[in-house]
Amino acid sequence: MFRAAVRLSVSGVRSITRTQPGCQALLASRGYSHGKQETDEEFDARWVTYFNKSDIDAWELRKGMNTLIGYDLVPEPKIVEAALKACRRLNDLASAIRILEAVKDKAGPHKDIYPYLIQELKPTLEELGISTPEELGIDKV
Amino acid sequence: MLRLTAGRVGSLVARRAAVALTTSSARMASHGHEVSEAVDMSKPMYWDRREIPLPDKRYKDILTPADKSLKEKEKGPWGQLSNEEKLALYRLSFCQTYPEMNQSSSEWKTVVAGVLYCIGLTGLVIIWQTAYVSPPAPRTFDAEWQAKQVKRMLDMRVSPIEGFAAQWDYEKGQWK
């Protein structure tokens, strides 16, 4: 009887997560010592999917960005591109510029990461009309 | 008589307490403009933090008509916004840029100066204390007493192998 109940509850949980794909990205990569480790490509794909949600709302954008910046990594250009496009859908230029500042700050002492990121993002920045913090003069105090 | 004094003390205490309560409440009422407004922490707050690039709410809550028209323009292509307009939009949403947030201050100099000042003040207090407050030193600190004490220790052969008396040359009558 208990086994039947467990089987039911497990399938129930699985169906819930399937119908809300947006929630899946927020499952932070767990620190297991056992079990499958998520590869970098899977991580990137998960985050790109998260930001590519066509009807993403402002809260989800903020939550996603704040969570992403909380990780010990600089996001791949494709993730930042998806986030910037999400800002465009939300008509939020200020957040787009803030995202660029944040990823530059994430690179820390590694001064070569941010120029690479901007170089990869150039097409998107031009397409959306986003100015970099350097172009606006806010990269210096 | 005991009852009277107790009653008098009781009334004094009660009056003082009542006075304190009333003056504090009156003070708060009359000096309301001096007390800063308590922030409602149950609502979303804004803060500039490196690890939270997009805070819970926009920095500027109240938008002037100019701001509102700028927000309308933001809905169109961003390429049409001038740099000043883009900056204005940024400053509407955020208080400090990342470089402004991260800038260091000279506060540490003030802190070190304050610490050294307090240590110096304490030193002065201690010097004054030893001069005026401390009782005279016991007689066991006198040079004559100390000399006699050393002689006694040597006669007793205190630590004769590796310690005190081992440093004394008993034949020559001097320190080794």
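Predicted model: local features only at pLDDT ≥ 70, side-chain atom pairs only at ≥ 80, totals over all residues.
## The annotated span of chain B

For chain B, the unreviewed UniProt entry lists residues 111-131 as a transmembrane region.

## Confidence

The model scores ipTM 0.75 and pTM 0.67, while chain B has a mean pLDDT of 86, with 81% of its residues reaching 70 or more. Within chain B, confidence is highest in helix α5 (residues 107-132), at a mean of 97, and lowest in helix α1 (residues 2-30), at 52. Over residues 22-27 of chain B the pLDDT stays under 50, and for this stretch the model has zero contacts beyond four places in sequence.

## The interface between chains A and B

In the interface, 28 residues of chain A are in contact with 31 residues of chain B, and the area buried between the two chains is about 2,600 Å², of which carbon and sulfur atoms give 59%. Of the area that chain A buries against chain B, A:Leu93, A:Arg98 and A:Asp105 supply 27%, more than any other three residues.

A:Arg98 also meets B:Asp48 through their side chains in a salt bridge, at 3.1 Å from N to O; two salt bridges are found across this interface, and 17 residue pairs are in polar contact between the chains. On the side of chain A that touches chain B, helices α4 (58-70), α5 (77-89), α6 (93-107) and α8 (133-136) of chain A each supply at least two residues, with α6(A) giving the most, nine residues. The residues on this side of chain A divide into 14 nonpolar, five polar and nine charged.

Note on methods:
Residues numbered from 1 in each chain as written. Chains lettered and ligands numbered in written order. Heavy atoms only, no water. UniProt positions renumbered as here; feature names shortened; annotations may be inferred. pLDDT = per-residue confidence, 0-100. Helix = DSSP H or I, 4+ residues; strand = E, 2+ residues; numbered from the N terminus. Contact = heavy atoms within 4.5 Å. Buried area = accessible area lost by both parts, 1.4 Å probe. Salt bridge = Lys/Arg side-chain N within 4 Å of Asp/Glu carboxyl O. Polar contact = N/O pair within 3.5 Å; in protein donor to acceptor, adjacent residues only side chain to side chain. Nonpolar A, V, L, I, M, F, W, Y, C, P; charged D, E, K, R; others polar.
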